[in-house]
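Hi,

Here's the structure I said I'd pass on.

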Amino acid sequence: MVLQLDYVDRAKMVPNKWSREFVWMAVCLVIQLSDGSRSANAARSFRQKIVDRILTNSSYDPRIPPNYDDDGPVVIKMELFILSFQSVSETNMDFSLTMFLRQRWNDSRLAYEPDSRMKMLELDSRMMDKVWVPDTYIVNEKDASFHEVTVPNRLMHIYPVGDVQYSLRITGTYTCAMDLQKYPMDTQTCALVFESYGYSTTNLLLRWTNTPVGTRKNLVLPQFNLKDIQSYTCDRLYYGVNYTCIGATFKLVRNYGYYLTQVYIPSILIVALSWVSFWLNIDAVPARISLGLLTVLTMTTQSAGARTNLPRVSYVKAIDMWMAVCLFFVFAALIEFAYINVLSRVEQRRKDTICLGNLPRQIHNSKEDGEATPPEIDWKKKGKLRQLFKGSANRERARTIDKLSLHNQILTLGTEFEKEVV
């Protein structure tokens, strides 16, 4: 009986033990959540206090640059990250690209006590107007814009020591002075130049970081290869005042595969086509004239098309020399046919004159031989005029020359008979 009661008491004690452990775990979870909530509220309040202290309730003036009352200028560390090259235009001599413009400087007025819960203060785009930023501008900019989809693409971080990280996303078109003398086998060097618009080197300096320009992986340009990027410093003097200046150059090597297939190979084929007239019969005048004019006009059209996207510069380009040489060969083939045709006709007239000039001698020789009448000429065997015009397409012209030759023969025979009678 005692053993049975002891077993029952132990069975009742088991569920009480599990219930106590469950309650203890629930209490711990509630305490942990409350601590996390208090820490989050503390962090939010910490950020809010910093923003209120350095931007809202303080005497911070964004119109005055850092170190304005000190002896040294504020140094702006700059860095570019190229996202894409949209185009490089030879006609307008400019190029377009999209980039991140990153600037970093120190403003001791924005320093705050560090906290392990917050490494940096991230500002909203609506709060950035309350912080001083450098007046950096791009010297060779033609047209540029900030991205504002879906919100203004701007970033600003403030670190406890007072360092400010400022980043912008910009798309713009910039001038590039190109040398097209070797076009399309040319290499162009385009630059981006940054200056401070209002502050001299006494108050502001622009300098590159250790990695001045970065590019996106697999960056592709339409007609060029980006071979090299160089950075430099170019402080300038305006009206006796020295202003800070930095720049970056992009070395662009043109891909000539497009011009090889669209310009060089077709022009070579056109020149070879003009040489086909050398194998045509000299009497095929319409075919040779048509072929020569067709190749000349085609070469002229192709030359004009190759210069469509080029500016009207005063110097001669490499593609101009190529098209001029091709046009010369095509035109020379046409002139060669005209010259050979003239020589052929002159030679034909000379042979006709020799043939007619031998008629009186033949008549005189026949009289000395005792013949009463002049010998009859066999035009089938000795008629050189008929043989010359046998394969000619201009039959009417051949008949006219035959009539003139017969008339000259009759006049010659009449003259010989008159002398005989006398």
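Count the bonded cysteines in sequence order and the pairing comes out as 1-2, 3-4. That covers two disulfides, found by searching the whole structure (a disulfide being two cysteine sulfur atoms within 2.5 Å). Before you go on: this is a predicted model, where local features need pLDDT of at least 70, side-chain atom pairs count only at pLDDT 80 or more, and totals for chains, interfaces and linings use all residues. Residues are numbered from 1 along each chain as its sequence is written, and side-chain values use heavy atoms, with hydrogens and water left out.

The link is left-handed, with -80 degrees about the S-S bond. C176 sits in the loop between strand 7 (163-175) and strand 8 (187-196), while C190 is in strand 8, 14 residues apart (strands are DSSP runs of E, at least two residues, and helices are runs of H or I, at least four, numbered from the N terminus). Both C176 and C190 are buried, meaning under 20% relative accessible area; exposed is over 50%, and partly exposed is in between (1.4 Å probe, protein chains only).

The other pair is C234 and C245, S to S 2.1 Å. Its torsion about the S-S bond is about -55 degrees, so this disulfide is left-handed. C234 is buried at 14% relative accessible area, and C245 counts as buried at 0%.

Away from those pairs, C326 counts as buried at 6% relative accessibility. F328, in helix 4 (residues 318-357), counts as exposed at 54%.

Cheers
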